[in-house]
Amino acid sequence: MQDKISKIRNLISNNNLNAVLISSVPNIIYLTGFSNFSKDEREAFLLIVAQPQGLTHKTPGVLGYILTDGRYSEEVRKQVKDFELIEISSELSLEKALKNLAKKHNLKKLGFEGNSISFLEHKKLSKYFNNIYHLSISKLRSVKTPDEISKIEKACELGDKTFKYILKKIKEGVNEKEIAFEIEFFIKKQGADISFRPIVAFGKNSSVPHHFPTNNQLTNNQIVLLDFGVKLDNYCSDMTRTVFFGKATNEQRKMYETVLAAQSRAIDLLNSLFMIHDSIPAKNIDQAARDYIISQGYKTIPHSLGHGIGLEVHESPHLSPLSKDILRENMVFSIEPGIYIPGVGGVRIEDLVVLEKNGLRLLTSSPKELIEV
């Protein structure tokens with residue numbers, strides 16, 4: 001935990017700030033280990049000041065303040081030892097608490113999460129701090145610790161088990177919603193949760209990258225695209241497999257082989273570059289897969305080649321044509337090329353990988369050869 005807070009304090013120092021206000025739930029989880037707050041409601045904030053010795057508190061080694069209300073205060077006291085609790089109530093509003101802290105520590109320049117704070121919250125903050133600045137806190141999570149990598153790997157293992165299970169459920173007459181339910185049911189029965197709503201697309205529906213499952217029933221000789229993830233111990237997995245119910249047509253087979261080859265080219269390039277350089281522009285890897293797909297006569301990939309993953313399904317780094325992100329050791333991200341033809345269908349293959357000292361390692365192990373069920 002101290003190392004994570006050190007990243008925040010370095011950010012404070014490098015930007016000549018007095019403090020940083022953390023408002024997004026994933027970053028609160030990252031810095032405290034407490035995961036009971038809702039992502040849909042504003043239930044907590046962290047305030048981390050520049051000088052820890054300036055804090056007055058009862059617990060030695062406190063790293064900052066956690067501001068929340070009575071619904072969570074008991075559990076926070078038990079589980080969050082490194083942050084001093086300030087309980088928000090009808091007598092002490094959040095605005096008043098922040099005003100008190102600003103005065104107490106003479107906080108003039110505050111960093112905040114611009115993609116998490118609302119316009120009205122920004123307006124209120126401006127009353128208590130002379131200057132407020134947007135910071136990208138989430139990027140600090142892009143390089144994973146060994147413990148984080150282990151948790152993602154376990155989520156991937158359960159994802160692989162889910163794929164093996166769901167293949168047995170692919171039968172004529174089943175609909176997309178039923179398969180999506182089976183995926184979610186299996187994952188939750190294992191004591192985990194889904195990391196996002198499963199994407200299940202049959203036939204022509206598979207040409208829509210983020211298709212919402214319908215009552216569309218499976219018939220013979222159709223594409224089946226499955227995109228789902230596991231959330232285990234707060235960390236996420238994400239995988240996509242495309243299989244064929246019945247026999248794949250020549251056109252479908254070519255699509256599949258092209259996508260698989262595009263992914264392999266991206267992986268091979270990443271490995272070869274990492275043997276020479278310890279940092280690689282993410283857009284270069286995207287380009288390798290994208291150019292190959294175009295060279296085979298298909299349209300460009302309509303989405304990025306990949307994205308980082310961890311406490312959130314989508315986080316830094318981003319592998320896209322315009323990305324400025326750099327791939328480094330201990331980053332975990334997806335590689336997911338795809339081809340989508342309206343009226344015909346789509347193929348996507350997605351794996352999670354971790355970039356380690358000796359090169360790239362696949363965290364997803366489900367088979368990638370063309371499967372006909």
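Predicted model: local features only at pLDDT ≥ 70, side-chain atom pairs only at ≥ 80, totals over all residues.
Which residues are buried in H7? In helix H7, the buried residues are Glu 176, Ile 179, Ala 180, Ile 183, Phe 186 and Ile 187. Buried here means under 20% relative accessible area, exposed means over 50%, and partly exposed lies in between (1.4 Å probe, protein chains only).

Residues are numbered from 1 along each chain as its sequence is written, and side-chain values use heavy atoms, with hydrogens and water left out.

**Helix H7**

H7 covers residues 176-189; helices (H or I, at least four residues) and strands (E, at least two) are DSSP runs, numbered from the N terminus. Looking down the axis of H7, you find its buried residues within an arc of 130°, so they line one face of the helix. That arc is taken from the directions from the helix axis to the C-beta atoms. The buried residues pack against H6, E7, E8, E9 and E10, where contact means heavy atoms within 4.5 Å. On the face turned away from this buried side sit the exposed residues Phe 181 and Lys 189.

Both ends of H7 have something to show. Asn 175 caps the N-terminal end, with a side-chain oxygen 3.0 Å from the backbone nitrogen of Lys 177. Such a polar contact is a pair of N or O atoms within 3.5 Å; within protein, one must be able to donate a hydrogen and the other to accept it, and residues adjacent in sequence count only if both atoms are side-chain atoms. Just after H7, Gly 191 takes a positive phi of about 90°.

**Aromatic pairs**

Rings of Phe, Tyr and Trp (its six-membered ring) pair if their centres lie within 6.5 Å; planes under 30 degrees apart count as stacked, over 60 as edge-to-face and the rest as tilted.

| Pair | Centre to centre | Between planes | Type |
|---|---|---|---|
| Tyr 165 and Phe 186 | 4.4 Å | 20° | stacked |
| Phe 181 and Phe 185 | 5.9 Å | 20° | stacked |

Tyr 165 in H6 and Phe 186 in H7 are 21 residues apart, and their pair links distant parts of the chain. Phe 186 is buried, at 15% relative accessible area. Phe 181 and Phe 185 are four residues apart in H7, so about one helical turn separates them. Phe 181 is exposed at 51%, while Phe 185 is partly exposed at 41%. Elsewhere, ring pairs link Phe 34, Phe 37 and Tyr 72 into a cluster.

**Ser 195 and some backbone details**

Ser 195 lies in the loop between E7 and E8 and is buried at 15% relative accessibility. A polar atom of its side chain lies 3.0 Å from the backbone oxygen of Ser 237.

Most residues other than glycine have a negative phi, and most peptide bonds are trans. Asn 106, however, has a positive phi of about 55°, and Asn 221 has one near 65°. The peptide bond from Ser 316 to Pro 317 is cis, with omega near 5°.
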